[in-house]
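Welcome! Work through these exercises with the picture beside you, and try each task before you read its solution.

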Amino acid sequence: NKQFTLKSRPHGAPTIDNFALKSEQMPELQQGEVLLRTIYLSLDPYMRGRMSDAKSYADPVEIGDVMVGATVCQIEQSNNDKFAKGDWVLAYTGWQEYAISNGEGLMPLGKEPSNPSYALGIMGMPGFTAYMGLLDIGAPKAGETVVVAAATGPVGATVGQIAKLKGCKVVGVAGGSEKCLYAIEKLGFDACIDHRADDFSSQLAKACDAGIDVYYENVGGKVFDAVLPLLNTAARVPLCGLVSQYNATELPQGPDRMGALMGQILSKRIRMQGFIIFDDYAHRYDEFATDMKKWLSEGKIHYREHLVTGLDNTVSAFNDMLDGKNFGKTVIQVNQP
Ligand code: NDP
């Protein structure tokens, strides 16, 4: 069994030296256990937080432990009546080829699911995050302007498309012209601005000529700087993630802008709320799944994966995702079905 364990805590962007690629013999299967063969491994920005021991909402991965992560697996061998060889399950077995489970916490996906990897993306954690953050905290109304960055990633693309379904004007923010074009032509956004452009903030202001009513925050940094002056009175800001800061080793340079930020929040009565998807919304997963299945079957939501083959490529694929070199949901194909 090949696996990546955490060898040391990264300072800044993770490097291959922060991980050990090990091979271990799998132990004999006990009664009640199943042997899981990883087919797909999800890579998600939150994993950067688990590599660090800074205080957070979840415990860090300990040095020497296998890196965590959601996976879609097939049952390779079963000593558990509830699972048969070949069954597909959603699991949380991390950066490795095989794992043993007593069946607890495995979510059955059936014998022949049509798109098993979707359980890691559009039908899973990122899709659910987009749905709840936008609809419950953002509460968009028809005719309002919604802005979302990381607009072609699994969260951002879903946020924008749901906002369109709710009758909003949607302006995306993405890295590069190819992604921006995709957001407009394929995802149906009204506009999408390249955050690498020199005149990014003036382009954003032009695209949001009626201001911004909902800013779904995925990235922070200079995108938030450009958004803040455009927020309308009573704007909502679901604070989902701050990916521009995950590899930061110090606070950004420049004057302290905390007072100005607080002043804007006060005078414009802005409501900004953070959330952690499963901690806050696990009880509403079925509501999401019903809507999303329907939208997908009606062709109303498009979903794109960035599939990378081979467990060996996990560290570089993870860094590529934080750098924006992914185009869609990052998934590692660990084994063939
Ligand atoms: P993505 O696959 O979209 O990957 C992150 C993207 O962020 C990159 O592709 C890149 O896109 C963009 N990005 C990186 N650095 C910057 C920067 N400096 N400025 C602007 N954009 C940048 O990720 P996900 O869709 O999986 O996740 C999106 C956000 O949602 C993350 O912040 C994540 O942590 C958060 N999240 C939060 C959850 C919660 O419960 N609160 C649950 C799940 C996700 P581009 O090339 O377009 O710039």
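Contact means heavy atoms within 4.5 Å. Helices (H or I, at least four residues) and strands (E, at least two) are DSSP runs, numbered from the N terminus. This is a predicted model, where local features need pLDDT of at least 70 and side-chain atom pairs count only at pLDDT 80 or more, while totals for chains, interfaces and linings use all residues. Residues are numbered from 1 along each chain as its sequence is written, and side-chain values use heavy atoms, with hydrogens and water left out.

**Exercise 1. Helices across strands**

Task: Find which strands helix H4 lies across, and which strands helix H5 lies across.

Solution: 
- Step one: locate H4 at residues 177–185; this helix lies across strand S9 (169–174) and S10. Its direction is at about 170 degrees to S10.
- Step two: move on to H5, residues 200–207, which lies across S8, S9 and S10. H5 also runs at about 170 degrees to S10.

**Exercise 2. The open sheet**

Task: Work out the order of the six strands in the open sheet, and find which strands stand at the edges.

Solution: 
- Step one: read across the sheet, and you get S10-S9-S8-S11-S12-S13, with parallel pairing. Two strands pair if DSSP finds at least two bridges between them.
- Step two: look for strands with a single partner.
- Step three: follow the twist, which averages 15 degrees from one strand to the next.
- Step four: zoom in on S8 (residues 145–149) and S11 (residues 212–216), a parallel pair joined over three bridges. Here Val148 is opposite Tyr216 in S11.

**Exercise 3. Rings that pair**

Task: Find how the rings of Phe19 and Trp95 are arranged, then do likewise for Phe128 and Tyr285.

Solution: 
- Step one: learn the rule. Rings of Phe, Tyr and Trp (its six-membered ring) pair if their centres lie within 6.5 Å; planes under 30 degrees apart count as stacked, over 60 as edge-to-face and the rest as tilted. The structure has 14 aromatic pairs.
- Step two: apply the rule to Phe19 and Trp95. Their centres are 5.5 Å apart with 25 degrees between the planes, and the pair is stacked.
- Step three: trace the chain. Phe19 is in strand S2 (residues 19–23) and Trp95 is in the loop between S5 (88–91) and S6 (98–101), 76 residues apart.
- Step four: check burial, where buried means under 20% relative accessible area, exposed over 50%, and partly exposed in between (1.4 Å probe, protein chains only). Phe19 has 4% and is buried; Trp95 has 0% and is buried too.
- Step five: turn to Phe128 and Tyr285, an edge-to-face pair at 5.3 Å centre to centre, with 85 degrees between the planes. Phe128 belongs to helix H2 (residues 125–138) and Tyr285 to helix H9 (residues 285–297), 157 residues apart.
- Step six: widen the view. Ring pairs link a cluster of Phe128, Tyr131, Phe278, Tyr285, Phe288 and Trp295.

**Exercise 4. A covered helix**

Task: Find how many residues of helix H10 are buried, and what covers them.

Solution: 
- Step one: count along H10 (residues 314–323), where seven of the ten residues are buried.
- Step two: name them: Thr314, Val315, Ala317, Phe318, Asn319, Met321 and Leu322.
- Step three: look at the cover, which includes S1 (2–6), S2, S3 (34–42), helix H1 (47–50), S14 (305–309) and S15 (329–333).
- Step four: continue just past H10, where Gly324 has a positive phi of about 80 degrees.

Note on methods: Axes are lines fitted to C-alpha atoms, for helices over the stretch in contact, and angles run from 0 to 180 degrees between N-to-C directions.
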